[in-house]
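Subject: Structure for you to look over

Dear colleague,

I am passing on the structure below, together with some notes on what I found in it.

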Amino acid sequence: METVGRLCQTPIPEQQIVKAFHRSAVKPAAILLLILFSSIAPIRATEIKIWEEFSGEKALAHVQRLVDLGPPPAGSDAIEKARDYIEAQLRHSGWQVTRQAFTDDTPRGKIHFVNLIARFSGDAHPTSPSLLLCSHYDTKLFDTIRFVGANDGGSSTGLLLELARVLGQHPSEARRVELAFFDGEEAYENFSGTDGLYGSRYFAKQLQGEGAKPFPGGILFDMVGDRSLGITLPPNSPSALAHDLFAAAEALKLRKYFSYLDRDLIDDHAPLNAIGVPTIDIIDFDYPWWHTADDTMDKISAQSLQIVGSVALYYLVEFGLKR
Ligand SMILES: [Zn+2]
């Protein structure tokens, strides 16, 4: 009370009043800037919502292009065109592509297979990737029907190409990922130790043979475009991965699209899990047109690809690449 009384009683020269005004005007401005910068900086560093950059429409457009090339079973002319397309798209997004070619015995004789493996370019100090993202891009060979595999072969390939585009905009994330497009997932007769999973078996064998540090984790995508989406993880999925994937779906309010299948499944994740790369299979196996001539573009949707793509990206930045 005393101080106020004194201030009121002491006349303040005009110059001093102006200075005092300037000082007090500068201070709030500086504080405001400080607040602005301190709130922007963490957003730029950790809060980039990379999952919002995924376009289901773009993924679907890739599937359409692949389907337009005609059915691509292993060893066909169409699959060679599919390879060229995938490779060109990956390069366009900044990835370096290696062709892992091999020949294997099949019930139809010797077949030439090619896996496409992509790492992010321009890295002077390559680190070992933390995550393997994969899909098969061959379709099952049928003698009696024209099988284009819009969902089975096409959808996951289109999705992986769109993931590659988004990751390509974020080099620090992209460098920690390897992409694999497997050939020869489909069996000629029945899945066995020697029929089916040709590409992933070969990839796993090479990885093991190189003695390289295996990936800490992997995600396989297969049949992810069903209009009526219901991802059904095989019950033998690595539980930590499944837990984090469900949490990612929950965070994006998309949890209802993810559940467990009631039985185990043979797919490209099996050879990877067998060599100690815990790999989850993101698959919607409840698909009435599976391995029929009706597995066509009209059965899949951009929205379903959007759901899977955004959950996968959320999982990547908030879980998989944080480990
Ligand atoms: Zn299939």
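Two residues are taken to be in contact if their C-beta atoms, placed from the backbone, lie within 7 Å. With that in mind, residues 24 or more positions apart account for 80% of the contacts in the protein with a separation of 6 or more. Please note that what you have is a predicted model, and that the values here are computed from it. The protein has 323 residues, of which 42% count as buried, and its secondary structure consists of 10 helices and 8 strands.

In soluble globular proteins, nonpolar side chains tend to be buried together. Here the largest nonpolar core holds 78 residues, and the members that touch the most other members are L133, L160, L163, A164, L179, I282 and V308. The largest share of this core, 9 residues, is supplied by helix α10, which covers residues 302–320.

Two packed helices are described by the angle between their axes and the distance between the axes.

Helix α5 (residues 150–168) and α10 have axes that come within 10 Å and cross at roughly 45°, which makes α5 oblique to α10. Their crossing is right-handed, and the contact is formed by S155, G158, L159, E162, L163 and V166 on the side of α5 and by L305, V308, G309, A312 and L313 on the side of α10. Sorted by type, the residues of this contact are 7 nonpolar, 3 polar and 1 charged.

Helix α3 (residues 56–68) also packs against α10, at an angle of about 115° and with the axes 8 Å apart. This crossing of α3 and α10 is right-handed, and the residues that make the contact are G56, E57, A59 and L60 of α3 with A302, Q303, L305, Q306 and G309 of α10. They divide into 4 nonpolar, 4 polar and 1 charged.

The remaining pair, α3 and α5, packs at an angle of about 130° with the axes 8 Å apart, and these two helices are therefore oblique to each other. The crossing of α3 and α5 is again right-handed. From α3 the contact takes in K58, A59, L60, H62, V63, L66 and V67, and from α5 it takes in A150, G154, S155, T157, G158, L159, L161, E162 and R165. The residues of this contact comprise 8 nonpolar, 5 polar and 3 charged.

T232 lies in strand β6, which spans residues 231–233, and it counts as buried because 20 other C-beta atoms are found within 10 Å, where the cut-off for a buried residue is 20 or more. T232 and S259 are 27 residues apart in sequence, yet their C-alpha atoms are 5.1 Å apart in space. Leaving aside neighbours within four places in sequence, T232 is in contact with S259, Y260, L261, I283, D284, F285 and D286.

A242 belongs to helix α8 (residues 239–251) and, with 19 C-beta neighbours inside 10 Å, counts as partly exposed. Between A242 and T279 there are 37 residues of separation in sequence and 9.6 Å in space, C-alpha to C-alpha. The contacts of A242, not counting residues up to four places away in sequence, are L233, S237 and I280.

Two loop residues with positive phi

L197 is a residue other than glycine with a positive phi, near 55°, and its place is in the loop between β4 (177–182) and α7 (198–209). With 26 C-beta neighbours inside 10 Å, L197 counts as buried. K253 is likewise not a glycine and has a positive phi of about 60°; K253 lies in the loop between α8 and β7 (258–260). Is K253 buried or exposed? With 7 C-beta neighbours inside 10 Å, K253 counts as exposed.

With best wishes

Key. Residues numbered from 1 in each chain as written. Predicted model: local features only at pLDDT ≥ 70, side-chain atom pairs only at ≥ 80, totals over all residues. Core = buried A, V, L, I, M, F, W, Y, C linked by C-beta atoms within 7 Å. Buried ≥ 20, exposed ≤ 12 C-beta atoms within 10 Å, placed from the backbone. Helix = DSSP H or I, 4+ residues; strand = E, 2+ residues; numbered from the N terminus. Axes fitted to C-alpha atoms, helices over the stretch in contact; angles between N-to-C directions. Parallel < 35°, antiparallel > 145°, perpendicular 65-115°, else oblique. Left-handed = near helix turned anticlockwise from the far one by under 90°. Nonpolar A, V, L, I, M, F, W, Y, C, P; charged D, E, K, R; others polar.
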